[in-house]
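Please open the model in your viewer and keep the selection panel at hand.

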Amino acid sequence: MNQIKVKIKQLFCKHKNIEYKRRITEYHHLQGDRIYKFCADCGKLLDSEFCTWEELKLRFEEYR
């Protein structure tokens, strides 16, 4: 029943409150990292992309 409520919430959400996250792992890719784009309101995964370390330094504060 709870999964149905989550799916309905994701269906009607406008996805305006966006967060970017990365998976915390023990091992890292040598070329870069995969960034996931989530809606903070409903938790839906909107997009994922692979970024090189140079792109990550330009886009996000935590990599500087």
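## A tour of the strands and cysteines

Begin by selecting R34 and F50: R34 stands opposite F50 in strand 3. Before going further, note that this is a predicted model, in which local features need pLDDT of at least 70, side-chain atom pairs count only at pLDDT 80 or more, and totals for chains, interfaces and linings use all residues. Residues are numbered from 1 along each chain as its sequence is written, and side-chain values use heavy atoms, with hydrogens and water left out.

Next, display strand 2 together with strand 3 (residues 45-52), which pair in the antiparallel sense over seven bridges. Strands pair if DSSP finds at least two bridges between them; strands (E, at least two residues) and helices (H or I, at least four) are DSSP runs, numbered from the N terminus. Five residues separate strand 2 from strand 3 in a hairpin. Select G43 in its turn, where phi is positive at about 85°.

Within strand 2, select D33. Is D33 buried or exposed? D33 has a relative accessible area of 12% and is therefore buried; buried means under 20%, exposed over 50%, and partly exposed in between (1.4 Å probe, protein chains only). The side chain of D33 also makes a polar contact with the side chain of R22, at 3.5 Å. Such a contact is a pair of N or O atoms within 3.5 Å; within protein, one must be able to donate a hydrogen and the other to accept it, and residues adjacent in sequence count only if both atoms are side-chain atoms.

Turn to the cysteines and select C13, C39 and C42. How many disulfides are there? The count is zero, under a criterion of two cysteine sulfur atoms within 2.5 Å. The sulfur of C39 has its closest cysteine sulfur in C13, 3.6 Å away, which is too far for a bond. For C42, the closest cysteine sulfur is that of C39, at 3.7 Å, again too far. C39 is buried at 2% relative accessible area, and C42 is buried at 12%.

Finally, show the whole protein, which follows the pattern α-β-β-β-α along the sequence. The radius of gyration, taken over C-alpha atoms, is 15 Å, well over the 11 Å that the globule rule gives for 64 residues, so the protein is more spread out than a compact globule. That rule is 2.2 Å times the number of residues to the power 0.38. The C-alpha trace spans about 40 × 25 × 15 Å along its principal axes.
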